[in-house]
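Subject: Structure for you to look at

Hello,

Here is the structure I said I would pass on.

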Amino acid sequence: MIDFIHRFVPAANFSTADTLLLLHGTGGNENDLLELGRSLAPGANLLSPRGKISENGMPRFFRRLAEGVFDEADLIHRTHELAEFIAAAAKHYGFPPDKITAVGYSNGANIAAAMLLLRPGLLCRAVLLRAMVPLVPEEPADLTGTRIFLASGLGDPILPIDNARRLAAMFCKAGADLTFQEIQAGHQLTTAEIDSARAWLLENSD
Ligand code: MLT
């Protein structure tokens, strides 16, 4: 079911191209990351949903009880719902379901991390810009073959670096091929890390 408000921007060869799944931060929308996506991977399809939760009018991908404290039942439900949307969108638009790279910022990076842990294999790659441990799955995920770029700010007041380090350790334990960058930054993205993410995507394209 295509039941997320979203944008889909097809590449010229959309039926064989990689697809970037763009996941915005709290208060963002489906338009926010299109430019970033285009600059990261000019030849990719872009699929950009808007989170369904409204927190005082600010779209998010799942509910939270407080900053950094997540409503886990909602997070699990929303993660599976988003996974179903991706599969339905792949069918509807005709892009390959096995060439999907998530690019998430903050809340969007957190739901992408949850998708990696709860639906391993759905994403072949993920660029997580400012993420923390979203939940600890009951069944440990097997992420062998999944490539992840995680960039975290050493001075991020919202997503503390120790938490990001725990997420990195979880991914490694799950067998993911992880590139983890701890950068001199806060919550805002930097040009240098976007350049690193672009180079990483190029190196890790099939
Ligand atoms: C979250 O709620 O996912 C994180 O705290 C990041 C954010 O503020 O969106």
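Which residues lie nearest the centre of the second largest pocket? They are Leu-40, Ala-41, Leu-201, Leu-202 and Ser-205, out of 13 residues that line this pocket.

Before the rest, some ground rules. This is a predicted model, in which local features need pLDDT of at least 70 and side-chain atom pairs count only at pLDDT 80 or more, while totals for chains, interfaces and linings use all residues. Residues are numbered from 1 along each chain as its sequence is written, and side-chain values use heavy atoms, with hydrogens and water left out.

Pockets and the cavity

Rolling a probe the size of a water molecule over the atoms shows where empty space is left. The search uses a 1 Å grid over the protein atoms alone. A cavity is a set of points where a 1.4 Å probe fits but cannot get out. A pocket is an open set with protein on both sides within 12 Å along at least five of seven lines. Lining residues have an atom within 4 Å of a point. Grid points are joined across faces, edges and corners, and a volume is the space filled by probe spheres set on the points.

The second largest pocket holds about 190 Å³ of space. Helix H5 (residues 191–203) gives the most to its lining, with 3 residues. Helices (H or I, at least four residues) and strands (E, at least two) are DSSP runs, numbered from the N terminus. By class, the lining of this pocket has 8 nonpolar, 2 polar and 3 charged residues. Here Ala, Val, Leu, Ile, Met, Phe, Trp, Tyr, Cys and Pro count as nonpolar, Asp, Glu, Lys and Arg as charged, and the others, Gly among them, as polar.

The largest pocket has about 240 Å³ of space. Its lining is made up of 20 residues, and Thr-26, Arg-64, Ser-106, Asn-107 and His-187 are the ones nearest its centre. That lining splits into 6 nonpolar, 10 polar and 4 charged residues.

There is 1 cavity of 30 Å³ or more in the structure. The largest cavity contains about 40 Å³ of space. Its lining consists of Phe-4, Gly-51, Lys-52, Phe-61, Arg-78, Glu-81, Leu-82 and Ile-111. Of these, 4 are nonpolar, 1 is polar and 3 are charged. Helix H2 (residues 72–93) supplies the largest share of the lining, 3 residues.

Two helices that cross

How do H2 and helix H3 (residues 107–118) lie relative to each other, and what angle do their axes make? The axes come within 9 Å and cross at roughly 85°. Axes are lines fitted to C-alpha atoms, for helices over the stretch in contact, and angles run from 0 to 180 degrees between N-to-C directions. H2 and H3 are therefore roughly perpendicular (under 35 degrees is roughly parallel, over 145 roughly antiparallel, 65 to 115 roughly perpendicular and the rest oblique). On the H2 side, the contact (heavy atoms within 4.5 Å) includes Leu-75, Ile-76 and Arg-78, and on the H3 side it includes Ile-111 and Ala-114. The residues of this contact divide into 9 nonpolar, 2 polar and 1 charged.

Ala-112 also lies in H3. It is buried, because its relative accessible area is 0% (buried is under 20%, exposed over 50%, partly exposed in between, with a 1.4 Å probe and protein chains only). Leaving aside neighbours within four places in sequence, Ala-112 is in contact with Leu-23, Ala-102, Leu-123 and Leu-128.

A few single residues

Ser-196 is found in H5. Ser-196 counts as partly exposed because its relative accessibility is 24%. Beyond its neighbours within four places in sequence, Ser-196 is in contact with Phe-149 and Gln-181.

Phi of Asn-56 is near 50°, a positive value in a residue other than glycine. Asn-56 sits in the loop between strand E4 (53–55) and strand E5 (58–60), and at 77% relative accessibility it counts as exposed. Phi of Arg-130 is near 75°, again a positive value in a residue other than glycine. Arg-130 is in the loop between strand E9 (125–129) and strand E10 (147–153), and at 1% relative accessibility it counts as buried.

Regards
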